[in-house]
2 protein chains.
Amino acid sequence: MFKSAASVERLANRLARLPGIGRKSANRLAFHILKLTKDEAFELADTIREVKEKVGFCSICNNISESDPCQICQDPKRQKNIICVVEETADAAAIDKADGFSGMFHILGGKLSPLDGIGPDDLKITELLHRIQDGEVKEIIIATNPNVEGEATALYLSNLLKPLGLKISRIARGLPVGSDLEYADSATLSRALEGRQEF
Amino acid sequence: MFKSAASVERLANRLARLPGIGRKSANRLAFHILKLTKDEAFELADTIREVKEKVGFCSICNNISESDPCQICQDPKRQKNIICVVEETADAAAIDKADGFSGMFHILGGKLSPLDGIGPDDLKITELLHRIQDGEVKEIIIATNPNVEGEATALYLSNLLKPLGLKISRIARGLPVGSDLEYADSATLSRALEGRQEF
């Protein structure tokens, strides 16, 4: 597109490889970056470098972190005897932002997905078992996503963990707060009925 | 969002300031960048730096360019006596990609927009007049966008350039190729009728 500026073309090509950014958006972004001040553009470049240089994974919970163990694992105020198992860091962040959970996290780093060749060995399941072994953990909340792969992962984990004598729970699936019964899909509705709770 | 990794948070904040990228996309992108290999992430950071370091503006046509004059202005195969005036580099790139034009470009760097405080002095109009002065130029095609500001800019330019005895033309406005008459807006239709051409 930008014949006379190969580096802008290169940047647009690079940006187009990011998820959710098509060819036209990439061109627009490259253009926008070109119009930023030098300081602003360099700041953007440096934060990208910084992320790769500074951020690693927590050796306990597999969360992304600049320190090891991560801030959550180091926090003395959190309940050490309850672990919430999620697929990705973003899931842990979402749960942490919602009120009502002050336990620990364990990030699997994905979900079971045989079609993509992802089996139990590709997830941080061994690490989870290690964490349980010391006997301090009393409850595991399985908070994988409520879709086919997430449910399969949850089922696999619960089968694996039940013999260890822990309390194993699964986050509730039902109608989202503020939603409309009329527009809910039937799978969600049947889950909501199944999981009904007494007043 | 990412309590335990301030630099990821910083990157997401920085990305969210780019046009068309909301808060959630920014988080997803930051995450994606985190998952890139070090080489890939550094390459992205470096192309951003490179763009700001290498790319400037052509002193003749105001196109973005790594060389001065730009490749288009240097190209001996192009017709020097016809200049296509556009608002932005991307417009020139679009016209250049379409077949049928092998003249020179002049990038105004914007359009007249009194509401945004952009007047003739904020556009590269003086530079355009300088280019015309040497007498080599015979025709000016005004290819500003077919919207209110673009038309106002075109009108202003044609009034300014007509006394110089050049051929001044405006790109045709009418029905887009492949479109449906039924769905065309009335402004486009009346333009298409107005600009009808004999077989």
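Helix axes are lines fitted to C-alpha atoms over the stretch in contact, and angles run from 0 to 180 degrees between N-to-C directions. Helices (H or I, at least four residues) and strands (E, at least two) are DSSP runs, numbered from the N terminus. This is a predicted model, in which local features need pLDDT of at least 70 and side-chain atom pairs count only at pLDDT 80 or more, while totals for chains, interfaces and linings use all residues. Residues are numbered from 1 along each chain as its sequence is written, chains are lettered from A and ligands numbered from 1 in the order in which they are written, and side-chain values use heavy atoms, with hydrogens and water left out.

**View 1. Helix H3 of chain A against helix H1 of chain B.** The axes of H3(A) (residues 38-54) and H1(B) (residues 6-16) come within 9 Å and cross at roughly 150 degrees. The two helices are therefore roughly antiparallel (angles over 145 degrees). Contact means heavy atoms within 4.5 Å. On H3(A) the contact involves A:Glu40, A:Glu43, A:Leu44, A:Thr47, A:Ile48, A:Glu50, A:Val51 and A:Lys54, and on H1(B) it involves B:Ser7, B:Val8, B:Arg10, B:Leu11, B:Arg14 and B:Leu15.

**View 2. The two domains of chain A.** Domain 1 covers 6-41 and domain 2 covers 77-170; such bounds come from an automatic or database domain assignment. Their C-alpha centres lie 38 Å apart.

**View 3. The open sheet of chain B.** Its 4 strands have the order E4-E3-E5-E6, with parallel pairing; two strands pair if DSSP finds at least two bridges between them. E4 (104-107) and E6 (167-170) stand at the edges with a single partner strand each, so one side of each has no neighbour in the sheet. From one strand to the next, the twist averages 25 degrees.

**View 4. Strands E3 and E5 of chain B, with two helices on the sheet.** E3 (residues 82-86) and E5 (residues 139-142) run parallel and are joined by 4 bridges. B:Val85 stands opposite B:Ile142 in E5(B). Helix H6 (residues 125-133) packs on the sheet, touching E3, E4 and E5, and its direction makes about 150 degrees with that of E4(B). Helix H7 (residues 148-161) also packs on the sheet, touching E3, E5 and E6, and its direction makes about 170 degrees with that of E6(B).

**View 5. The surroundings of B:Asp91.** B:Asp91 is found in helix H5 (residues 89-97) of chain B. Leaving out residues up to four places away in sequence, B:Asp91 touches B:Val86 and B:Asn145. B:Asp91 and B:Asn145 are 54 residues apart along the chain, and their C-alpha atoms are separated by 8.6 Å.

How values were computed. Parallel < 35°, antiparallel > 145°, perpendicular 65-115°, else oblique.
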